[in-house]
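Morning, everyone. I have a few local details to go through, so please keep the model on screen in view.

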Amino acid sequence: MSGMGKNAVRLLIGSQERRGLLASIVLYLTLAGVSFVFLYPILFIISGSAKDIYDLSNPLVRWVPTKITFDNYVKAYNVLGGFRTLGVSLAVMLSTALAQTAVSALVGYGLAKYQFWGKPIFMGLLMVSFILPPQTTFLSKYVLFNNFKMIGTVYPVLLPSLLGQGLKSAIFILIFYQFFKMAPKSLDEAAFIDGAGHFTTFWRINLALAAPAIVVVFIFSFVWNWNDTYLTGTYFGTSVNTLPLMLERFVEHFRKMYPTTAENQLLRLNEGLRMAGTLLTIIPLVIIYVLVERRLIESIDRAGITGE
Amino acid sequence: MKRNTVSKLTGLLFVLPWIVGFLFFTLYPFMETVKYAFNTVRFLPVGIAMDYVGLDNFVSVLFKDPDFLLQLPVFLMQMACLVPMVLVFSIMLAVLLNAKIKMRRVFRAIFFLPVIIISGSVLENLQINDAVSLSGMRTFFIYVFIQEYLPGFLSRVILYIFDNVVILLWFSGVQILIFLSGLQKVDRAIYDAADVDGASGWQKFWKITIPTLKPFLFLNAMYTIVDIANSSINPIIGFIRQAMFQLLRGFGFAASLTWLYFGLIVVVVLIYYLLLGRGEKETKINRKRRRKKDKVRRGFLRPALISSGSLAKNAKGGTAV
C-alpha cells in the first residue's frame, strides 16, 4: 500500500530524471494560456468578421455568432480591390525582396571575405544605419524622389533596395556577413586552386551553401516590406495600391463604394466589415507562413544570427 | 597587378552597390534633413525654397507646440516598461519552449506568427476594435485590487502592462527565437553535471541559463528599442508624418522633430547599453564555446567529431591550465 502511494507521489511530483504530472500540467497550461493571448486578436477578428449587424450590437453574443454571414467578406473583398490589389502587392514586394536579398548577399560577402581599404569605416556606418530611424532620411528622400518625378511609382522603394539601403537592409547585410564569415575558407581556396575566379567562387560555392541565409533574408524582406505602410504610404501615394495600404484607406473607400442613404442604414460601416478587411489582408501572409514555417525557423537557427 | 591588389579591388566591387546607395540614399538625405531642421521649407513649383531660421524649429517643437510634449510620456513609458517586459517575456517563453515538450513546433509557430502579420494598418484596426487588450481582464479581482490599493506610479506601470499584454507578446517573436537558439547551444552536459552536484531547477536557471543568455540581452534590447521606436504603436512616428504636410508646421518642423527623436532613441540605446551590455565577464561557458570555435576554425576538430564528452574533457583541461 505504501509502495503504491510512493509511486503515485513520484508520478505527481516527479523526480530528477522525469518531470512530474503536476509540473507537466502547469507547463502545458502556461503554454496554452500564452498561446491563447498570442492568438486572441486573430480569434477576435475571425469571430467578429463573421457577425452580422445584429450580432455585433447584441451584448450577449461574444464569440460565436448566432448566424454566420459571408456578406462582410464579400464587401471587404470589393473594397480592398480583390485579386488586382493582391497581384500588385505580390509583384511589387517580390521584386523588392529579390533585389534586397541579392544585394545584401553581395555586400555581406564582400565585407566577410575580403580585406580592403575603408572596411572598418563601412562596417561602422552600417551599424549606425541600423539604429538610424528611417524618418531621419525620409523627408529629404521624399524631396529627392519628388524632383525625379518618382513619387507615385515603385522606384522610391525599389531603388534603395537595389543599392542596399532599403527597409532594414542593414540587418540583412549583417545576417549574410555573419553567415559568410562562418563558412569554411578551405572551400574558397580549393576553388581558387582549381581556377575559379572571384565571382565564380561567390556564385557557385558560397551562394550555393548559403540557402538558410537566403531563405531568412528573402522571407523577412518580403514580409517587412509588405507590412510597412509608413514609407510606402507616402511614396506610393494613391497610384500603387498594395493590400495594407488599401486597408489603411478602408473607411474612405468603403464610403465611396457603398454610400449611406436614408433607406440603407444597415449598410453603414461596422466593425465586422473592418475585421473582415483585416482578415483578408492577413490571409496571404499566413498562407506563405504555413508553407515556409518549418524551413524558415530551421534557417534562422542555421543562419547564425545568434553569432555562432 | 599583384593578386593582393586584385583581391582588394574585388572586395570593393562587391561592396560598391552599398557605398553608392549609402551616398545617395542615406548620407545625402541625412545632410539635407539637418539643413531642413534649421530652415523653413516651402514647396514651390520649381523645387523648394528655404529660409534660415536658426533654432526656431527646435524651440517650437520643444516649447511652443503642445503635441510633442504630450506624446513624450507615452514613448518614455514604452521604452521604460515595454522593452524590459519584452525581454523578460521572451526569456521566459524561450525557456519554456526549450523544455522537453510535445508539440514544440506548434507553439513555436504560434509565438512567431505575429512577426509575420504585424503591420501598421492591421495593428490600428485591432486597436480600434479593442482586440489588443484582453478586455475581460479588467473585471478580474487582481486588476481592481491593483488599481485601488497600489501607489499611483506602481499601479500605472502594472496596469499598462496588463492593458498592452498582446502588444507585448506580439513584439517578442524574433527575440524568443534568438534566445531559444542561444539556449539550444548550451551543452546538455553542463546541466547534467549540475544535476549530479544536486543543483535545484532554480539554481540551474540563474547560474547556467541566465549567464548563457547574457550576451544576447543587449542585442535583443537594441532590436526591441528600434522595433518599437519605428512601429506605428509609437505616437511620435505618426506625428512626424502628420507634421510634414501641415501648413503650420511643415518640413522644417518635422525635420527638427525627427532629430530630437533620433537623439532620444540614441540616449535610450546608450542607457540600455550601460545596463546590459557593459562589463560582460567571460563566463566559463563562453570561454568554452570560444575555445571550441577557435579549434574548429583552426581545423583541429571537425564539427561532426565534437561530442559532448570530448568537449567536457577539453573544457576541463582548459580551465585547469
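Is B:Arg105 buried, exposed or partly exposed? First, the ground rules: this is a predicted model, in which local features need pLDDT of at least 70, side-chain atom pairs count only at pLDDT 80 or more, and totals for chains, interfaces and linings use all residues. Residues are numbered from 1 along each chain as its sequence is written, chains are lettered from A and ligands numbered from 1 in the order in which they are written, and side-chain values use heavy atoms, with hydrogens and water left out.

Now the answer: B:Arg105 has 37% relative accessibility, so it counts as partly exposed. Buried would be under 20% relative accessible area and exposed over 50%, with partly exposed in between, using a 1.4 Å probe and protein chains only. B:Arg105 sits in helix H4 of chain B, residues 104–117; helices here are DSSP runs of H or I, at least four residues, numbered from the N terminus. Beyond its neighbours within four places in sequence, B:Arg105 contacts A:Glu293 and A:Arg294, contact meaning heavy atoms within 4.5 Å.

Next, helix H4 of chain A, residues 71–80. Its buried residues are A:Asn72, A:Tyr73, A:Lys75, A:Ala76, A:Val79 and A:Leu80. They lie on the same side of H4(A), because they cover an arc of only 165° around the axis, taken from the directions from the helix axis to the C-beta atoms. Among the elements covering these buried residues are helices H2 (21–49) and H5 (82–113) of chain A. After H4(A) comes A:Gly81, with a positive phi near 95°.

How values were computed. Helices (H or I, at least four residues) and strands (E, at least two) are DSSP runs, numbered from the N terminus.
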